[in-house]
Amino acid sequence: MNAHEIDYQIYGEEMQYVEIELDPQEAVVAEAGSFMMMDSDIKMDTIFGDGSNQDNSVLGKIFSAGKRVLTGESLFMTAFLNAGQGKKQVSFASPYPGKILPIDLSEKDGKFICQKDAFLCAAKGVSVGIEFSKRLGRGLFGGEGFIMQKLEGDGMAFVHAGGTMAKKVLAPGEVLKVDTGCIVGFTKDVDYDIEFVGGIKNTVFGGEGLFFATLRGPGTVYIQSLPFSRLAGRIVASIPRGGKDKGEGSILGTLGDIVGGDNRF
(Lines give C-alpha, C1' and ligand atoms only; values in the text may rest on other atoms or scores of the structure.)
Protein backbone atom coordinates (compact mmCIF):
# COMPACT_ATOMS: atom_id res chain seq x y z
CA MET A 1 0.00 0.00 0.00
CA ASN A 2 1.41 3.38 -1.02
CA ALA A 3 -0.62 6.37 0.07
CA HIS A 4 -0.24 9.75 -1.60
CA GLU A 5 2.53 11.87 -0.09
CA ILE A 6 1.07 15.11 1.22
CA ASP A 7 2.45 18.17 2.99
CA TYR A 8 0.48 19.99 5.66
CA GLN A 9 0.35 22.92 8.07
CA ILE A 10 -1.84 23.18 11.19
CA TYR A 11 -3.16 26.62 12.11
CA GLY A 12 -4.84 27.97 15.25
CA GLU A 13 -4.74 27.17 18.93
CA GLU A 14 -8.10 26.04 20.32
CA MET A 15 -10.13 25.92 17.09
CA GLN A 16 -7.62 24.46 14.68
CA TYR A 17 -7.69 23.64 11.01
CA VAL A 18 -5.21 21.76 8.84
CA GLU A 19 -4.14 23.02 5.42
CA ILE A 20 -3.00 20.22 3.12
CA GLU A 21 -0.80 20.91 0.11
CA LEU A 22 -1.35 18.62 -2.86
CA ASP A 23 0.91 18.11 -5.84
CA PRO A 24 -0.80 17.48 -9.21
CA GLN A 25 -2.93 14.30 -9.08
CA GLU A 26 -2.47 13.92 -5.33
CA ALA A 27 -5.62 13.49 -3.26
CA VAL A 28 -6.87 13.49 0.32
CA VAL A 29 -10.02 11.86 1.73
CA ALA A 30 -12.09 13.36 4.54
CA GLU A 31 -15.18 12.80 6.63
CA ALA A 32 -18.30 14.66 5.53
CA GLY A 33 -18.63 18.02 7.25
CA SER A 34 -14.92 18.64 7.88
CA PHE A 35 -14.23 20.62 4.68
CA MET A 36 -13.30 24.30 5.16
CA MET A 37 -11.87 25.77 1.91
CA MET A 38 -9.90 24.84 -1.23
CA ASP A 39 -8.17 26.30 -4.27
CA SER A 40 -10.07 26.49 -7.55
CA ASP A 41 -8.25 23.58 -9.24
CA ILE A 42 -9.14 21.11 -6.48
CA LYS A 43 -11.77 18.62 -7.68
CA MET A 44 -14.18 17.29 -5.04
CA ASP A 45 -15.69 13.84 -5.50
CA THR A 46 -17.89 11.64 -3.29
CA ILE A 47 -16.51 8.11 -3.11
CA PHE A 48 -17.83 4.82 -1.77
CA GLY A 49 -15.74 3.76 1.22
CA ASP A 50 -12.30 5.23 1.92
CA GLY A 51 -10.73 5.06 -1.54
CA SER A 52 -7.86 2.83 -0.41
CA ASN A 53 -8.65 0.29 -3.19
CA GLN A 54 -7.53 -2.72 -1.16
CA ASP A 55 -10.18 -4.75 -2.92
CA ASN A 56 -11.42 -3.52 -6.30
CA SER A 57 -14.32 -5.97 -6.51
CA VAL A 58 -17.87 -4.69 -6.02
CA LEU A 59 -18.35 -6.96 -2.99
CA GLY A 60 -15.05 -5.78 -1.50
CA LYS A 61 -16.04 -2.14 -1.87
CA ILE A 62 -19.45 -2.77 -0.30
CA PHE A 63 -17.85 -4.60 2.64
CA SER A 64 -15.27 -1.83 3.09
CA ALA A 65 -17.94 0.88 3.13
CA GLY A 66 -20.27 -1.21 5.29
CA LYS A 67 -17.64 -1.38 8.04
CA ARG A 68 -17.90 2.39 8.39
CA VAL A 69 -21.61 2.15 9.16
CA LEU A 70 -20.78 0.12 12.27
CA THR A 71 -18.73 3.05 13.58
CA GLY A 72 -21.65 5.43 13.04
CA GLU A 73 -20.16 7.07 9.95
CA SER A 74 -21.54 7.49 6.43
CA LEU A 75 -21.07 4.92 3.65
CA PHE A 76 -19.40 7.68 1.65
CA MET A 77 -16.34 9.86 2.05
CA THR A 78 -15.22 12.92 0.11
CA ALA A 79 -12.03 12.91 -1.97
CA PHE A 80 -10.23 16.13 -2.93
CA LEU A 81 -7.95 15.79 -5.97
CA ASN A 82 -5.52 18.33 -7.35
CA ALA A 83 -6.58 18.33 -11.01
CA GLY A 84 -4.56 21.43 -11.91
CA GLN A 85 -0.95 22.38 -12.45
CA GLY A 86 1.33 23.18 -9.55
CA LYS A 87 0.72 22.85 -5.83
CA LYS A 88 -2.78 23.50 -4.48
CA GLN A 89 -4.23 23.70 -0.98
CA VAL A 90 -7.33 22.30 0.70
CA SER A 91 -8.22 22.84 4.36
CA PHE A 92 -10.23 20.92 6.94
CA ALA A 93 -11.47 22.25 10.29
CA SER A 94 -11.95 20.76 13.74
CA PRO A 95 -15.61 20.08 14.61
CA TYR A 96 -15.29 21.52 18.15
CA PRO A 97 -12.57 23.11 20.36
CA GLY A 98 -9.45 20.99 20.64
CA LYS A 99 -6.31 19.91 18.83
CA ILE A 100 -5.58 18.23 15.50
CA LEU A 101 -3.10 15.36 15.79
CA PRO A 102 -1.04 14.43 12.69
CA ILE A 103 -0.28 10.71 12.48
CA ASP A 104 2.45 9.43 10.16
CA LEU A 105 1.42 5.79 9.78
CA SER A 106 4.81 4.85 8.36
CA GLU A 107 6.24 5.71 11.81
CA LYS A 108 3.50 3.76 13.64
CA ASP A 109 4.20 0.38 11.99
CA GLY A 110 1.34 0.98 9.56
CA LYS A 111 -1.53 1.03 12.06
CA PHE A 112 -3.15 3.43 14.53
CA ILE A 113 -6.33 2.82 16.55
CA CYS A 114 -8.58 5.78 17.42
CA GLN A 115 -12.02 6.68 18.72
CA LYS A 116 -14.73 6.25 16.09
CA ASP A 117 -15.43 9.99 15.85
CA ALA A 118 -11.80 11.20 16.02
CA PHE A 119 -10.84 10.74 12.34
CA LEU A 120 -10.71 13.98 10.33
CA CYS A 121 -8.91 13.30 7.03
CA ALA A 122 -6.04 11.31 5.49
CA ALA A 123 -3.96 10.93 2.37
CA LYS A 124 -5.73 8.87 -0.27
CA GLY A 125 -4.61 5.27 0.09
CA VAL A 126 -4.98 5.13 3.87
CA SER A 127 -7.51 2.48 4.89
CA VAL A 128 -10.17 3.52 7.43
CA GLY A 129 -11.66 0.41 9.04
CA ILE A 130 -12.97 -0.83 12.37
CA GLU A 131 -11.19 -2.41 15.34
CA PHE A 132 -13.50 -4.86 17.11
CA SER A 133 -13.03 -5.89 20.71
CA LYS A 134 -12.28 -9.58 21.26
CA ARG A 135 -13.03 -9.35 24.96
CA LEU A 136 -16.55 -9.71 26.37
CA GLY A 137 -16.08 -7.16 29.15
CA ARG A 138 -14.78 -4.50 26.83
CA GLY A 139 -17.56 -5.17 24.37
CA LEU A 140 -20.36 -4.97 26.94
CA PHE A 141 -19.10 -2.09 29.07
CA GLY A 142 -16.64 -0.18 26.91
CA GLY A 143 -19.14 2.55 26.06
CA GLU A 144 -17.60 4.92 23.51
CA GLY A 145 -14.54 2.69 23.33
CA PHE A 146 -16.37 -0.48 22.23
CA ILE A 147 -15.97 -0.08 18.47
CA MET A 148 -12.92 1.91 17.46
CA GLN A 149 -11.52 2.87 14.08
CA LYS A 150 -8.22 1.61 12.75
CA LEU A 151 -6.15 3.61 10.30
CA GLU A 152 -3.82 1.46 8.19
CA GLY A 153 -1.28 2.28 5.53
CA ASP A 154 1.90 4.27 5.09
CA GLY A 155 0.59 7.83 4.67
CA MET A 156 -0.48 10.78 6.79
CA ALA A 157 -3.74 10.79 8.74
CA PHE A 158 -5.25 13.45 10.98
CA VAL A 159 -7.40 12.90 14.04
CA HIS A 160 -9.08 15.41 16.35
CA ALA A 161 -8.90 15.57 20.15
CA GLY A 162 -11.28 17.65 22.26
CA GLY A 163 -9.90 20.17 24.74
CA THR A 164 -6.25 19.69 25.66
CA MET A 165 -4.40 16.60 24.46
CA ALA A 166 -1.93 14.56 26.51
CA LYS A 167 0.62 12.16 25.05
CA LYS A 168 1.75 9.24 27.21
CA VAL A 169 4.54 6.85 26.23
CA LEU A 170 4.03 3.60 28.12
CA ALA A 171 6.88 1.23 28.94
CA PRO A 172 6.32 -2.55 28.64
CA GLY A 173 3.83 -3.57 31.32
CA GLU A 174 3.10 0.01 32.40
CA VAL A 175 -0.63 0.64 32.93
CA LEU A 176 -2.61 3.85 32.48
CA LYS A 177 -6.23 4.06 33.68
CA VAL A 178 -8.43 6.41 31.64
CA ASP A 179 -12.09 7.39 31.28
CA THR A 180 -13.29 5.48 28.22
CA GLY A 181 -14.45 8.64 26.45
CA CYS A 182 -11.12 10.42 26.97
CA ILE A 183 -9.15 8.09 24.70
CA VAL A 184 -8.18 9.65 21.37
CA GLY A 185 -6.08 6.76 20.09
CA PHE A 186 -3.06 4.54 20.61
CA THR A 187 -0.45 2.54 18.71
CA LYS A 188 -1.16 -1.06 17.78
CA ASP A 189 0.92 -2.72 20.52
CA VAL A 190 -1.04 -1.13 23.37
CA ASP A 191 -3.34 -3.61 25.14
CA TYR A 192 -6.77 -2.09 25.85
CA ASP A 193 -9.27 -3.47 28.35
CA ILE A 194 -12.12 -2.39 30.68
CA GLU A 195 -11.91 -2.47 34.49
CA PHE A 196 -14.66 -2.11 37.09
CA VAL A 197 -14.21 0.97 39.30
CA GLY A 198 -15.05 -1.00 42.45
CA GLY A 199 -16.36 0.08 45.83
CA ILE A 200 -19.98 0.85 46.72
CA LYS A 201 -19.34 4.56 47.27
CA ASN A 202 -17.44 4.89 44.00
CA THR A 203 -20.14 2.98 42.14
CA VAL A 204 -23.16 4.80 43.57
CA PHE A 205 -21.84 8.28 44.29
CA GLY A 206 -18.67 8.63 42.24
CA GLY A 207 -20.34 10.13 39.16
CA GLU A 208 -17.54 8.88 36.90
CA GLY A 209 -19.21 5.77 35.53
CA LEU A 210 -18.84 2.14 36.55
CA PHE A 211 -15.89 1.31 34.33
CA PHE A 212 -12.69 2.85 33.07
CA ALA A 213 -10.21 1.80 30.41
CA THR A 214 -6.85 0.26 31.23
CA LEU A 215 -4.11 0.81 28.66
CA ARG A 216 -1.04 -1.40 29.02
CA GLY A 217 2.25 -0.71 27.28
CA PRO A 218 4.44 -0.79 25.37
CA GLY A 219 3.19 1.96 23.09
CA THR A 220 2.00 5.54 22.80
CA VAL A 221 -1.40 6.75 23.99
CA TYR A 222 -3.16 10.06 23.24
CA ILE A 223 -5.73 11.35 25.74
CA GLN A 224 -8.24 14.22 25.37
CA SER A 225 -9.47 16.37 28.24
CA LEU A 226 -12.89 17.16 26.70
CA PRO A 227 -14.68 14.33 24.86
CA PHE A 228 -17.52 15.60 22.68
CA SER A 229 -20.05 13.47 24.59
CA ARG A 230 -19.07 15.25 27.82
CA LEU A 231 -19.33 18.65 26.17
CA ALA A 232 -22.71 17.80 24.65
CA GLY A 233 -23.97 16.47 27.98
CA ARG A 234 -23.14 19.73 29.75
CA ILE A 235 -24.83 21.76 27.02
CA VAL A 236 -28.01 19.66 27.18
CA ALA A 237 -28.04 19.89 30.99
CA SER A 238 -27.86 23.69 30.84
CA ILE A 239 -30.73 24.16 28.36
CA PRO A 240 -33.51 26.15 30.09
CA ARG A 241 -36.61 24.13 30.92
CA GLY A 242 -40.02 25.70 30.37
CA GLY A 243 -38.53 28.92 29.04
CA LYS A 244 -36.72 29.72 32.30
CA ASP A 245 -32.98 29.75 32.83
CA LYS A 246 -31.16 28.47 35.88
CA GLY A 247 -30.05 31.85 37.18
CA GLU A 248 -26.44 31.06 36.38
CA GLY A 249 -23.94 33.00 38.45
CA SER A 250 -26.27 33.71 41.36
CA ILE A 251 -27.66 31.58 44.15
CA LEU A 252 -30.75 33.83 44.07
CA GLY A 253 -31.76 32.67 40.61
CA THR A 254 -34.46 34.89 39.04
CA LEU A 255 -34.34 37.35 41.95
CA GLY A 256 -30.64 37.73 41.33
CA ASP A 257 -31.30 38.51 37.67
CA ILE A 258 -33.74 41.29 38.63
CA VAL A 259 -31.23 42.79 41.07
CA GLY A 260 -28.58 42.59 38.36
CA GLY A 261 -30.74 44.57 35.93
CA ASP A 262 -32.34 41.72 33.97
CA ASN A 263 -36.07 42.42 34.31
CA ARG A 264 -37.40 39.79 31.92
CA PHE A 265 -40.37 37.79 33.26
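Student: Does E131 count as buried or exposed?
Tutor: This is a predicted model: local features need pLDDT of at least 70, side-chain atom pairs count only at pLDDT 80 or more, and totals for chains, interfaces and linings use all residues. Numbering starts from 1 along each chain as its sequence is written, and side-chain values use heavy atoms, without hydrogens and water. Buried means under 20% relative accessible area, exposed over 50%, partly exposed in between (1.4 Å probe, protein chains only). E131 has 18% relative accessibility, so E131 counts as buried.

Student: Which residue meets the side chain of E131 in a salt bridge?
Tutor: A salt bridge needs a side-chain nitrogen of Lys or Arg within 4 Å of a carboxyl oxygen of Asp or Glu. Here the N to O distance is 3.3 Å, and the partner of E131 is K111.

Student: How many residues apart are E131 and K111?
Tutor: The side chains of E131 and K111 meet in a salt bridge. Strands are DSSP runs of E, at least two residues, numbered from the N terminus. E131 lies in β11 and K111 in β9; this pair links distant parts of the chain, and the separation is 20 residues.

Student: What is the strand order in the open sheet?
Tutor: Two strands pair if DSSP finds at least two bridges between them. The sheet has 6 strands with antiparallel pairing, in the order β11-β12-β9-β16-β19-β14.

Student: Which strands are at the edges?
Tutor: The open sheet runs from β11 to β14 in its order. An edge strand pairs on one side only, and the two that do so are β11 (127–131) and β14 (165–170).

Student: Which residue of β16 is the bridge partner of F112?
Tutor: Strand β9 covers residues 111–114, and β16 covers 183–187. They pair in the antiparallel sense over 3 bridges. Within β16, F112 has as its bridge partner T187.

Student: Is K88 buried or exposed?
Tutor: K88 has 18% relative accessibility, so K88 counts as buried.

Student: Which residues form a network of salt bridges?
Tutor: The structure holds 7 salt bridges. A network of them links E13, E14 and K99.

Methods
Helices (H or I, at least four residues) and strands (E, at least two) are DSSP runs, numbered from the N terminus.
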